[in-house]
Amino acid sequence: ESILITPNTFKLLVALSLGLVVFAGIGGFLWQRDDFFKHNLIFYDLIGQSWPVQYGSGEGSTMLTYYLGWYMVPAAMGKLGGVWAAELANVLWSATGLLLFFLWLSTLLKKQKALLWLVFLGFSGFEFLWVLGHFAYYVIKFFPQYDLITLLKGTLGYTRSELITPF
């Protein structure tokens, strides 16, 4: 039995995938969690050094050994077009993977689409709340005319300075 995904649903999943990838910090366009320090080091070494990446020390040399599959396609694009091309390729590569995950999960869950979001959010550790918090921070910082905090202050009793502290 096949499952039909309508063009509108597909567009929604593409937009959701791109949005989640960008808001998660992939590509470096928005704030990144501490773990990205490691990812960026690996990524830039793959772009800037010849493959296989080797590191030298006073005691000899060693190679970069890590789970490199996610890095390879964007790093190859970076070798061809520079860091900006690599960052853009990283967003598109990651969003494609997330889109494939959403489509696969939609197929598995068939008509129980609500489970799609419960499964996704359950495995994400509810990190989306962290991402939404930073999204709100950027909206307030760069678009002060859309002062969402006034609404929150009226309902939750928080002040603007209490909500804009670094996460």
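Two residues are in contact when they have heavy atoms within 4.5 Å of each other. The structure described here is a predicted model.

**Overall make-up**

The protein chain has 167 residues, and 25% of them count as buried. Its secondary structure comes to eight helices and two strands. Along the sequence these elements follow the pattern α-α-β-β-α-α-α-α-α-α. Among contacts between residues at least 6 apart in sequence, 59% join residues at least 24 apart. The chain exposes about 11,300 Å², and carbon and sulfur atoms supply 69% of that area.

Gln-32 sits in the loop between helix 1 and helix 2. Leaving out residues up to four places away in sequence, Gln-32 touches Gly-25, Gly-27 and Asn-40. Val-22 is ten residues from Gln-32 along the chain, and the C-alpha atoms of the two are separated by 9.7 Å.

Gln-32 is also one of the residues that line the largest cavity. The structure holds two cavities of 30 Å³ or more, and the largest has about 50 Å³ of space. Besides Gln-32, its lining includes Gly-27, Phe-36, His-39, Asn-40, Phe-43, Trp-70, Tyr-71, Glu-87 and Asn-90. Helix 2 (36–48), helix 3 (69–81) and helix 4 are the elements that give two or more residues to this lining. Helix 2 gives the most, with four residues.

**A buried residue and a surface patch**

Ser-17 belongs to helix 1 (residues 7–23). Is Ser-17 buried or exposed? Ser-17 has a relative accessible area of 1%, so it counts as buried; the cut-off for buried is under 20%. Apart from neighbours within four places in sequence, Ser-17 is in contact with Ala-95, Leu-98, Leu-99 and Phe-102.

On the surface, Leu-18, Phe-29, Trp-84, Leu-88 and Leu-92 form a nonpolar patch. Together they have about 500 Å² of accessible area. Which element gives the most residues to the nonpolar patch? Helix 4 (residues 83–109) does, with three residues. Leu-92 lies in helix 4. Leu-92 is partly exposed because its relative accessible area is 47%, and partly exposed covers values between the 20% limit for buried and the 50% limit for exposed.

| Residue | Relative accessible area | State |
|---|---|---|
| Ser-17 | 1% relative accessible area | Ser-17 is buried |
| Leu-92 | 47% relative accessible area | Leu-92 is partly exposed |

Methods: Residues numbered from 1 in each chain as written. Predicted model: local features only at pLDDT ≥ 70, side-chain atom pairs only at ≥ 80, totals over all residues. Heavy atoms only, no water. Patch = residues over 30% accessible without salt bridge, like charges linked within 9 Å, V, L, I, M, F, W, Y side chains within 5 Å. Areas by Shrake-Rupley, 256 points an atom, 1.4 Å probe, with all protein chains shown as cover. Salt bridge = Lys/Arg side-chain N within 4 Å of Asp/Glu carboxyl O. Buried < 20%, exposed > 50% of the residue type's maximum accessible area, 1.4 Å probe, protein only. 1 Å grid on protein atoms, 1.4 Å probe; cavity = no way out; pocket = protein on both sides within 12 Å on 5 of 7 lines; lining within 4 Å. Points joined across faces, edges and corners; volume = space filled by probe spheres on them.
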